[in-house]
Amino acid sequence: MAKDNLTAILYGINDIRLEQTPIEEPDHDEVLLQMGCVGICGSDVHYLVNGRIGDFVVSKPMIIGHEAAGVVVKLGKNVKNLKLGDRVAIEPGVSCRTCAFCKTGRYNLCKEMVFCATPPVHGNLRRFYKHAADFCFKLPEHVSLAEGAMLEPLSVGVHACKRADIGISSKVLILGAGPIGLVTMLAAKAMGANKIVITDLTQSKLDVAKKLGADATLLVKNNMTETELVKKIHELFDGEEPDKTIDACGAQSTIRLAILVTKSGGVAVFVGMGAAEVKIPLIHALVREVDIRGVFRYANDYADALELLATGKIDVKPLITHNYKIEDTVEAFETAKSGQGVIKVMIYCN
C-alpha cells in the first residue's frame with residue numbers, strides 16, 4: 001500500500017500545514033479508507049480563524065475535516081456491512097452505542113461521542129483514514145464521492161426538517177441562505193413542504209435559493225425593524241404565518257424573529273449556533289404555544305439523506321462551487337474564508 005498520507009493539520013489560528021502522518025491500522029470493527037472528497041464546513045473555518053468554538057478549543061495540533069467520503073481499502077476482521085472497493089459516505093460522529101441516548105436512537109446526544117475534527121479528536125482531511133464501519137454508508141454507483149461528502153451538511157438539513165415535523169401542509173420559513181439554510185430548504189422541499197420562504201442579508205445567496213426552488217425570498221436590510229420584518233414575511237405567505245420556522249443563522253436577531261413570526265401552535269427550530277446567551281421574547285412563544293426545538297448535528301439521518309440523493313429528489317451538485325486538490329488545502333481554506341460566491345469548497349484527497 002502507498003506510504004503517502006498527506007494530511008491537513010491545524011496548528012493554531014490561521015495556521016494549517018500539510019504533513020505526512022502514519023497510515024492507521026483499522027480495528028476489528030473499522031475500515032481503512034482511501035479518502036476521496038472532503039468538504040470545508042463553516043465550523044472548520046471557525047476553528048481556523050478563532051481557534052475555538054465555545055468550549056471546544058484547539059489546544060494542540062488537530063487534523064481538520066469532517067464532511068467526507070472515500071473508498072474501502074482494508075477491512076477490520078469483524079466488518080460484515082462493507083467490502084473492499086466500496087465507495088462510502090462517512091458519518092463523522094461515532095457514539096458509544098450503549099448509553100440510554102444511543103439505545104433510544106438519539107445517539108447525537110451521547111456524552112461519549114467521538115466526532116471528527118472537534119477538539120481533541122482528529123478529522124479526516126488526509127489521503128488515508130480509518131473509521132467505524134457501521135458509520136460508513138455505501139454509495140450507489142451513480143452517486144459521486146463529492147455528493148457523498150455533501151451528505152454531512154444535508155443530514156443536518158434533514159434532521160432539522162424532521163425536528164420541525166415538516167409535511168405536505170407545512171408553510172416553512174428558513175432564516176439564512178448559507179450552506180445549511182440551502183440544504184434545509186432542499187430537504188423541506190423533498191419532504192413535501194407546501195411553501196418555502198428563505199431570508200438572507202445577501203442577494204446573491206437568495207438568487208441561488210430561488211434557483212434551487214424557494215417559493216419566495218426576502219432580502220433583509222440593516223435598517224428594517226423587527227415589526228417590519230414580521231409584516232414582510234407574513235405578506236410573503238399571503239397574509240398567513242409560517243407554521244415551521246428554521247433558523248440557520250444563530251444570530252440574536254434571527255432567533256428573536258423566529259419566535260415572533262411563527263404561527264401560534266407552530267414550531268421554531270434552531271440550527272445555527274451563535275452567542276452562548278441571547279435575549280429572546282420567551283413569553284411571546286409561551287402564550288402562543290410556539291414549540292422551541294434545538295438541532296445538534298443529526299441522528300439516523302444519513303440513510304435518509306442518501307435515499308433523497310440517490311433517487312434524485314435532491315441535487316446537491318449546484319452547491320459545490322469550488323474544487324481543490326489536497327495539496328492546495330491552504331488556498332482552499334482562503335477561498336472558504338473569503339465567502340465571495342462560495343457555497344461549498346470541496347477538496348479531492350487522491
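This note comments on the sheets, helices, salt bridges and surface of a predicted model.

1. The parallel sheet. Six strands make up an open sheet with parallel pairing, in the order E15-E14-E13-E16-E17-E18. The edge positions are taken by strand E15 (216-219) and E18, each with a single partner strand, so one side of each has no neighbour in the sheet. From one strand to the next the twist averages 15°.

2. Strand E14 (residues 195-200) runs parallel to E15 and is joined to it by four bridges. Thr199 has Leu218 in E15 as its bridge partner. Two helices lie over this part of the sheet. H6 lies across E13, E14 and E15, at about 165° to E15.

3. Helix H7. This helix (residues 252-261) is mostly covered, with seven of its 10 residues buried. The buried residues are Thr254, Ile255, Leu257, Ala258, Ile259, Leu260 and Val261. They pack against strand E13 (171-175), helix H6 (226-236), strand E16 (244-247), E17, H8 and strand E18 (291-294).

4. Strand E1 (residues 6-12) is mostly covered, six of its seven residues being buried. E1 pairs with strand E2 (residues 15-20) in the antiparallel sense over six bridges, and Gly12 has Asp15 in E2 as its bridge partner. The two strands form a hairpin with two residues between them, and Asn14 in the turn has a positive phi of about 50°. E1 also pairs with strand E6 (residues 62-63), again in the antiparallel sense, over two bridges. In that pairing Ile9 stands opposite Ile63.

5. Salt bridges: Glu24 and Arg126. The model has 21 salt bridges. One of them joins Glu24 to Arg126, with the closest N and O atoms 3.6 Å apart. Glu24 lies in the loop between E2 and strand E3 (30-39) and Arg126 in the loop between strand E10 (114-115) and strand E11 (128-132), so the pair ties together parts 102 residues apart in sequence. Glu24 is partly exposed at 34% relative accessible area, whereas Arg126 is buried at 5%.

6. Salt bridges: Asp86 and Lys138. The closest N and O atoms of this pair are 3.5 Å apart. The pair links distant parts of the chain, 52 residues apart: Asp86 is in the loop between strand E7 (67-75) and strand E8 (87-90), and Lys138 is in strand E12 (residues 136-138). Here the acidic residue, Asp86, is buried at 5% relative accessibility, while Lys138 is partly exposed at 44%.

7. Salt bridges: Lys162 and Asp301. The closest N and O atoms are 2.6 Å apart in this pair. Lys162 sits in helix H3 (residues 145-163) and Asp301 in the loop between E18 and helix H9 (302-310), which puts the partners 139 residues apart. Lys162 counts as partly exposed at 31% relative accessibility, and Asp301 is buried at 1%. Separately, Asp4, Arg127 and Glu327 are linked in a network of salt bridges.

8. Nonpolar surface. Phe101, Leu109, Met273 and Phe296 make a nonpolar surface patch of about 350 Å². Met273 is in the loop between strand E17 (267-270) and helix H8 (282-287). Its relative accessibility is 61%, so Met273 counts as exposed.

Technical notes:
Residues are numbered from 1 along each chain as its sequence is written. This is a predicted model: local features need pLDDT of at least 70, side-chain atom pairs count only at pLDDT 80 or more; totals for chains, interfaces and linings use all residues. Side-chain values use heavy atoms; hydrogens and water are left out. Patches are made of residues with over 30% relative accessible area and no salt bridge: like charges are joined within 9 Å, nonpolar side chains (Val, Leu, Ile, Met, Phe, Trp, Tyr) within 5 Å. Accessible areas come from the Shrake-Rupley method with a 1.4 Å probe; for residues, only the protein chains shown count as cover. A salt bridge is a side-chain nitrogen of Lys or Arg within 4 Å of a carboxyl oxygen of Asp or Glu. Buried means under 20% relative accessible area, exposed over 50%, partly exposed in between (1.4 Å probe, protein chains only). Contact means heavy atoms within 4.5 Å. Two strands pair if DSSP finds at least two bridges between them. Axes are lines fitted to C-alpha atoms, for helices over the stretch in contact, and angles run from 0 to 180 degrees between N-to-C directions.
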